[in-house]
Amino acid sequence: MLPYVLPFALPTLCCAPARAEVSEQLSYQHYAVAHRPGQSLLAAINGATTIRQNGEVFHGHTRWNVRWDYRWRFDTQGRCTITSVNTRLESVITLPRLSTADPQVERQFAAYLEPLRRHELGHVQVGRNAARRIDQAIQNLPTMSSCELLSATANQRGSALIEEAKREELQYDQETGHGRTQGAWLPR
């Protein structure tokens with residue numbers, strides 16, 4: 001998982017209170033797995049996947065991206081306040097798609113694919129939680145002496161929350177054995 005962060009701020013002269021909003025987009029990508037007679041499902045998927053990290057082979061992968069932007073206003077003393085926040089989460093889950101003529105292998109694949117998908121949705125939830133925390137953190141920033149300081153603080157908080165989410169994902173994979181404890185495993 002490699003989140004990308006693209007923050008920016010736009011000044012505004014409106015006087016509305018800060019408003020927060022998180023929007024989400026989730027999409028799926030698939031890679032083809034051609035199973036041959038006599039081949040294990042594990043060997044077929046291992047041979048087809050392009051998902052590799054640190055020398056390990058994986059069957060599923062989630063990439064999420066949190067972006068935020070915000071607007072501010074100046075008060076009569078030249079101080080700066082956040083007036084609105086817009087946070088977006090875009091996630092892409094990559095999973096295998098099987099082609100085979102063997103009904104038994106199809107059943108085994110279906111039994112494996114659902115826990116794998118649920119595991120990957122857990123990664124999406126980490127991104128979702130990060131997006132919500134970022135949105136709230138920026139919305140709740142106090143009035144500051146300058147918009148430059150406010151902008152720097154907002155982006156520092158957002159970036160820190162992204163780093164925290166990266167650590168949460170590592171812990172999630174460690175606790176679940178990359179989905180194994182959730183049923184996402186195949187016999188050799």
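This is a short tour of a predicted model, one selection at a time.

**The whole chain.** Start with the protein chain in cartoon view. Its secondary structure comes to three helices and six strands. Along the sequence they follow the pattern β-β-α-β-β-β-β-α-α. Now show the surface. The accessible surface comes to about 10300 Å², and 51% of that belongs to carbon and sulfur atoms. Of the 188 residues, 43% are buried. Among contacts with a separation of 6 or more, 75% join residues 24 or more positions apart.

**Strand β5.** Select residues 61-74, which form strand β5. Pick out arginine 73 in this strand.

**The aromatic pair.** Show the side chains of tyrosine 70 and tryptophan 72. The model has one aromatic pair. The ring centres of tyrosine 70 and tryptophan 72 are 6.3 Å apart and the planes meet at 40°, so this pair is tilted. Tyrosine 70 is buried, at 1% relative accessible area. Tryptophan 72 is buried too, at 10%.

**Helix α2.** Move on to residues 103-139, helix α2. This helix has 37 residues. From first C-alpha to last it reaches 53 Å, close to the expected 54 Å. Finish by zooming in on the start of α2. There, a side-chain oxygen of aspartate 102 comes within 2.9 Å of the backbone nitrogen of glutamine 104.

Note on methods
Residues are numbered from 1 along each chain as its sequence is written. This is a predicted model: local features need pLDDT of at least 70, side-chain atom pairs count only at pLDDT 80 or more; totals for chains, interfaces and linings use all residues. Side-chain values use heavy atoms; hydrogens and water are left out. Helices (H or I, at least four residues) and strands (E, at least two) are DSSP runs, numbered from the N terminus. Rings of Phe, Tyr and Trp (its six-membered ring) pair if their centres lie within 6.5 Å; planes under 30 degrees apart count as stacked, over 60 as edge-to-face and the rest as tilted. Buried means under 20% relative accessible area, exposed over 50%, partly exposed in between (1.4 Å probe, protein chains only). The expected span of a helix is 1.5 Å times one less than its number of residues. A polar contact is a pair of N or O atoms within 3.5 Å; within protein, one must be able to donate a hydrogen and the other to accept it, and residues adjacent in sequence count only if both atoms are side-chain atoms. Contact means heavy atoms within 4.5 Å. Accessible areas come from the Shrake-Rupley method with a 1.4 Å probe; for residues, only the protein chains shown count as cover.
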